Amino acid sequence: MNDTVKYVLDESRIPKHWYNIVADLPAPPAAVLHPGTRQPIGPGDLAPLFPMELILQEVSQEREIEIPGPVRAVYRQWRPSPLFRARRLEQALGTPARIYYKYEGVSPAGSHKPNTAVAQAFYNKEAGVKRLTTETGAGQWGSSLAFAGQVFGLEVKVFMVRVSYDQKPYRRALMETYGARCVPSPSPETRSGQAILAQRADHPGSLGIAISEAVEVAATDDDAKYALGSVLNHVLMHQTIIGQEAIAQLEMADDYPDVVIGCAGGGSNFAGIAFPFIGAKLRGGPGVRVIAVEPAACPTLTRGRYAYDFGDTGHLTPLVKMHTLGSGFTPPGFHAGGLRYHGMAPLVSHCLDLGLMEARAYRQNEVFAAGVQFARAEGIVPAPEANHAVKCAIDEALACKSEGRARTILFNLSGHGHFDMQAYTDFFSGSLQDQAYDEEELETALAALPVAT
Ligand SMILES: *Cc1c(COP(=O)(O)O)cnc(C)c1O
């Protein structure tokens, strides 16, 4: 069998639909609540922030939603993304396991995020929107939306978490190259930002704060809407193109995974690779273990509470039921900036609660060691976020070795690390710290969780 299961420029191989796991779940997800009334919200409540097509996708029960032609036309530039068999890594580990990885680093922005950025920019343009506002952690989402905005002729303004803004100047340069404006958050440009800066002038920022700023700007400008890079149902759905392609590609290799792995920040790339497999199982297909991997310094799924919480720090968003560390929680400034979110996609939390998946947390140094081992075997340097999935895949392969059992392991390599080399430099110099989160702050943040009903 060919080691690279890849088909190039064959449009017929790009899935024609996104997959909506809600149609197959044994129990419906919890209702989304209005932040003021604490009653379930309707589509109209979200209209100031999102175009109606995306709101309808957010609440859809349909199993399949057709991918519009203009979105497929942009996808064609890098989709289907390659599925590789990690033969040299298998050899280096001496494992009987077959390890495959789906590589999303081939998109223009270098991660899976353009899969939804392109779709969101398209629907906003169709609805007559002129400007998009958003937040970004490590800069992956901001650069993806900047790219998509440029493709469809939309202005893009990005609030970038301060610690990443300082750590990753090249991501900002990339956003500006694509024509977006990038502001460090907390910023003095919004009330939410001003309130945080008044408490602490050198605040490192968080995704929760940046979301408040972007939502505030969108809600007060008629020509602007807000775009979120993860967490929401429609975002996860756009990412399911990853898992659907993987199923088709593995079929060409005459294989099917026993284990499917993805790193989880807000949960979108994990859901993208995993939901089509969970759905197949729910519809009577083969059994599969599914593992979400997160940083021990921001342990949302493994240490958080499954409860109603705000999506942002300024409490402008609706209340959603999810695993959360509390919207007031600020994770320490570790390098996998894309995994520094206090909450989790409600659909991923629901799947964990239903026992359809597992979650695991790793520390920063062991994660980078795995990333370096992967890069030395396979040649691709993973993004720090993706290293969490790499570490888990290696551990699973080593478990196969010690049990003397061959299993098929599939993981999502969500992006490349070419803009994250400072993190690798820090790892090599031994200055990367395994930061623990502040237990006291976590307790305080959890104690402040809103009471839902
Ligand atoms: C943003 C990002 C993540 C985390 O976001 P999810 O929504 O959990 O997927 C993971 N990997 C990369 C490369 C990212 O850019």
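Let's start with helix α5, which covers residues 114-126. This is a predicted model, and in it α5 has 13 residues and reaches 18 Å from its first C-alpha to its last, close to the 18 Å expected at 1.5 Å a residue.

Among the buried ones you can find Pro-114, Thr-116, Val-118, Phe-122 and Asn-124. After the helix comes Gly-128, which has a positive phi, near 85 degrees.

Keep an eye on Val-118, please, and let's move to the nonpolar cores. In soluble globular proteins, nonpolar side chains tend to be buried together. Here the largest nonpolar core has 69 residues, and Val-118 is one of those that touch the most other members, along with Trp-18, Tyr-75, Phe-275, Val-348, Met-357 and Leu-410. Which helix gives the most to this core? That is α13, residues 268-282, with seven residues.

Now click on Met-357. Setting aside neighbours within four places in sequence, Met-357 is in contact with Phe-270, Val-290, Ala-292, Leu-301, Val-348, Cys-351 and Leu-352. There is also a second, separate core of 44 residues, including Val-293, Leu-325, Tyr-362 and Leu-446.

Last stop, the surface. Met-52, Leu-56 and Val-59 form a nonpolar patch there, and together they have about 250 Å² of accessible area. Leu-56 sits in helix α2, residues 52-58.

Terms used. Residues are numbered from 1 along each chain as its sequence is written. This is a predicted model: local features need pLDDT of at least 70, side-chain atom pairs count only at pLDDT 80 or more; totals for chains, interfaces and linings use all residues. Side-chain values use heavy atoms; hydrogens and water are left out. Patches are made of residues with over 30% relative accessible area and no salt bridge: like charges are joined within 9 Å, nonpolar side chains (Val, Leu, Ile, Met, Phe, Trp, Tyr) within 5 Å. Accessible areas come from the Shrake-Rupley method with a 1.4 Å probe; for residues, only the protein chains shown count as cover. A salt bridge is a side-chain nitrogen of Lys or Arg within 4 Å of a carboxyl oxygen of Asp or Glu. Helices (H or I, at least four residues) and strands (E, at least two) are DSSP runs, numbered from the N terminus. The expected span of a helix is 1.5 Å times one less than its number of residues. Buried means under 20% relative accessible area, exposed over 50%, partly exposed in between (1.4 Å probe, protein chains only). A nonpolar core is a set of buried Ala, Val, Leu, Ile, Met, Phe, Trp, Tyr and Cys residues joined through side-chain atoms within 4.5 Å. Contact means heavy atoms within 4.5 Å.
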